[in-house]
Amino acid sequence: MKILNTLLVGLVIGLTACTTDPNSPGVEYMPDMYRSPAIEAYVDYGQEPYEVGEEVARAQRNTPSSRKPVPGTIPFRGEDQLAFALPYAFGQTPEEYERAGLELSSPLVTNQANIEAGEKVYVAMCTQCHGTEGKGDGALSRNGHIAGIPSYSDKLKDLPEGKMYHTLTWGKGLMGSHASQLSQRQRWEVIEYIKVLQVGGEMPEFDENGMPLPAEATPETKEEPKAPAAPAMGMGGMADNTEF
Ligand code: HEC
């Protein structure tokens, strides 16, 4: 019995203290759990079990998704990107504003869906200054906080869409940039609605495909909306605007 005890103690001591290095962790059980290998993709480590082989690694490095894009290029992410996710090509100068007016046009179709989406943006983001009818008489204008907001159907009735987009992107005068609040698509959508406001704010009729029907171009119907709109503006919107 004594001999057995001595043997057992000897065995335990022998197993736990068989090294003289005080920093040694001793016998490790499942070392992978303490030291997980940090394997990089596309690299041949030349060791089991992670061996890839230089040939395979090189083939992997050569797939398009693992290559760096050519400097100055933009990764292509689908058709929609062509219209809505390219960097804005017009600088923040008066000359570039004029150029945008001549060269920049909307990628959107003028249809019911886009006009109505634009109206939603307009009501949420623009009426406080521009007013529900776009006459420049929103709450911030009426209470005198922001002066000189022009009416879309008067001073701005011929403003081209490129200039509108430029102003929404960079801001102009007292109107700040809306580039961080509105996506490029939303900016073009709200412009679709402003184009409606430019011609008096009357929503057009749409056909079954959502395309606007041409306004009845008879002289009487053309005159009709104009007649009530003009005096109303003279008393309301215009009076506000003439202060400057
Ligand atoms: C804080 C008030 C304010 C808000 C909010 C605002 N605007 Fe304006 N906006 C102005 C003022 C002021 C001007 C006149 C800028 C100038 O010509 O100096 C203006 C001008 C414009 C013009 C004419 C730009 C040009 O090129 O002459 C457009 C178009 C326009 N705003 C669209 C919008 C739209 C769309 C929204 C909502 C997304 C909006 N604005 C929100 C104050 C505002």
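Reader: What volume does the second largest pocket have?
Author: The second largest pocket has a volume of about 620 Å³, where a pocket is an open set of points on a 1 Å grid over the protein atoms alone, with protein on both sides within 12 Å along at least five of seven lines, and a volume is the space filled by probe spheres set on the points, which are joined across faces, edges and corners. This is a predicted model, in which local features need pLDDT of at least 70 and side-chain atom pairs count only at pLDDT 80 or more, while totals for chains, interfaces and linings use all residues. Residues are numbered from 1 along each chain as its sequence is written, and side-chain values use heavy atoms, with hydrogens and water left out.

Reader: Which helix gives the most to the lining?
Author: That is α8, with four residues, helices being DSSP runs of H or I with at least four residues, numbered from the N terminus.

Reader: Switching to the metal, what coordinates the iron atom of the ligand?
Author: His 130 through NE2 and Met 175 through SD coordinate the iron atom, at 1.9 to 2.1 Å, with donors taken as N, O and S atoms within 2.8 Å of the metal (3.2 Å for Na, K and Ca). His 130 lies in helix α6 and Met 175 in the loop between α8 and α9, so the pair ties together parts that are 45 residues apart in sequence.

Reader: And what is the arrangement of the six donor atoms?
Author: It is octahedral, because the donor atoms subtend angles of 87 to 178° at the iron; six donors count as octahedral if opposite donors are over 155 degrees apart and all others between 65 and 115.

Reader: Is His 130 buried or exposed?
Author: His 130 counts as buried, at 12% relative accessibility, whereas Met 175 counts as partly exposed at 24%; buried means under 20% relative accessible area, exposed over 50% and partly exposed in between, with a 1.4 Å probe and protein chains only.

Reader: How many residues has the largest nonpolar core?
Author: The largest nonpolar core has 23 residues, and Trp 188 and Tyr 193 are among those with the most contacts inside it; such a core is a set of buried Ala, Val, Leu, Ile, Met, Phe, Trp, Tyr and Cys residues joined through side-chain atoms within 4.5 Å. The largest share, seven residues, comes from α9.

Definitions and conventions. 1 Å grid on protein atoms, 1.4 Å probe; cavity = no way out; pocket = protein on both sides within 12 Å on 5 of 7 lines; lining within 4 Å. Helix = DSSP H or I, 4+ residues; strand = E, 2+ residues; numbered from the N terminus. Tetrahedral: all angles 85-135°; square planar, octahedral: opposite > 155°, others 65-115°.
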